[in-house]
Amino acid sequence: MTAALPQRVVDPAHAVPPAGAVAFTPRTECISREEVASDMSDLATRVRNLMDLQGNRSTCLPLGGALFDVVTTASGDAARTIVRLMDEVQIDGCGPVIEDPVRSWLYWLVPPGSSARWAPHQYGACLGQPYRIVLPPIPQVDPPGAFWLRPFQSDRLVPPAPLRDFLDAFQPSPVPHEVLLAAELRAS
């Protein structure tokens, strides 16, 4: 059964006044092609990368900037306990976490700029610019290869402070080393 949509009753005697003249203000500044090209090239690359993710393909994204930084830890029982505890700490569950079973690492996506504030830590290394990370396709939630242990949900990321506290408490090992991370994550 369908219901008619409500309609606004308009008085047929009501006259609609004509729209006024439209005036455009001429712009005096001039933007060179080089200024636009570099900015648009970066934007176009980011859009293509995000389309790859939506198209079930892996993609390489820069860390830092307006997207996110990454804290890398060992995977295993201690790390999975931290994921479950982060599920309780964060509303609607833990923010995005990628598991790489080949390297036995977890990649925790944290807010951009976290790497600048992250003091050296024995159980987690935080990287931002100039590094890049290869993200698995969004629907990939199981091995083989890297997969989303906790997928993206809106714009929520993992908060670094409780993550750091849990790393101190549960000490997942083996410990990732920044030298190894630099080889795995791509520097731009």
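View 1. Buried here means a relative accessible area under 20%, exposed means over 50%, and partly exposed lies in between (1.4 Å probe, protein chains only). Strands (E, at least two residues) and helices (H or I, at least four residues) are DSSP runs numbered from the N terminus. In a regular strand the side chains alternate between the two faces of the sheet. S4 is mostly covered, as six of its six residues are buried. The model is predicted: local features need pLDDT of at least 70 and side-chain atom pairs count only at pLDDT 80 or more, while totals for chains, interfaces and linings use all residues. Residues are numbered from 1 along each chain as its sequence is written, and side-chain values use heavy atoms, with hydrogens and water left out.

**View 2. The five-stranded sheet.** The strands of this open sheet follow the order S5-S2-S4-S3-S7, with antiparallel pairing; two strands count as paired if DSSP finds at least two bridges between them. Strand S5 (125–127) and strand S7 (147–150) stand at the edges with a single partner strand each, so one side of each has no neighbour in the sheet. From one strand to the next, the twist averages 30 degrees. S2 and S4 run antiparallel and are joined by six bridges, with Ala74 opposite Trp105 in S4. S3 is joined to strand S4 (residues 105–110) by four bridges, again antiparallel, and Val97 stands opposite Trp108 in S4. Helix H2 lies across S2, S3, S4 and S7 and runs at about 25 degrees to S4. Axes are lines fitted to C-alpha atoms, for helices over the stretch in contact, and angles run from 0 to 180 degrees between N-to-C directions.

View 3. S3 and S4 form a hairpin with four residues between them. Ser104, in the loop between these strands, has phi near 60 degrees, a positive value in a residue other than glycine. Ser104 counts as partly exposed because its relative accessibility is 34%. Ser75 is found in the loop between strand S2 (69–74) and helix H2 (77–89). Ser75 is buried because its relative accessible area is 13%. Apart from neighbours within four places in sequence, Ser75 is in contact (heavy atoms within 4.5 Å) with Glu99, Ser104, Trp105, Leu106 and Ser173.

**View 4. The nonpolar cores.** A nonpolar core is a set of buried Ala, Val, Leu, Ile, Met, Phe, Trp, Tyr and Cys residues joined through side-chain atoms within 4.5 Å. In soluble globular proteins, nonpolar side chains tend to be buried together. The largest core has 19 residues, of which Val71, Trp108, Val158 and Leu163 touch the most other members. At least two residues of this core come from each of H2, S4, S7 and helix H4 (160–170). H2 gives the largest share of this core, four residues. Leaving aside neighbours within four places in sequence, Leu163 is in contact with Val71, Ile82, Met86, Trp108, Val110 and Val158. A second, separate core of 14 residues includes Phe68, Val70, Leu109 and Leu157.

View 5. Asp92 sits in the loop between H2 and strand S3 (97–100). Its phi is near 65 degrees, a positive value in a residue other than glycine. Asp92 is exposed because its relative accessible area is 64%. Beyond neighbours within four places in sequence, Asp92 is in contact with Gln153 and Arg156. Asp92 and Arg156 are 64 residues apart in sequence, and their C-alpha atoms are 9.6 Å apart in space.

View 6. The peptide bond from Pro143 to Pro144 is cis, with omega near 15 degrees. Pro144 is found in the loop between strand S6 (131–135) and S7. Ser173 and Pro174 are likewise joined by a cis peptide bond, with omega about 10 degrees. Pro174 lies in the loop between H4 and helix H5 (178–184). Ser173 is also one of the residues in contact with Ser75.
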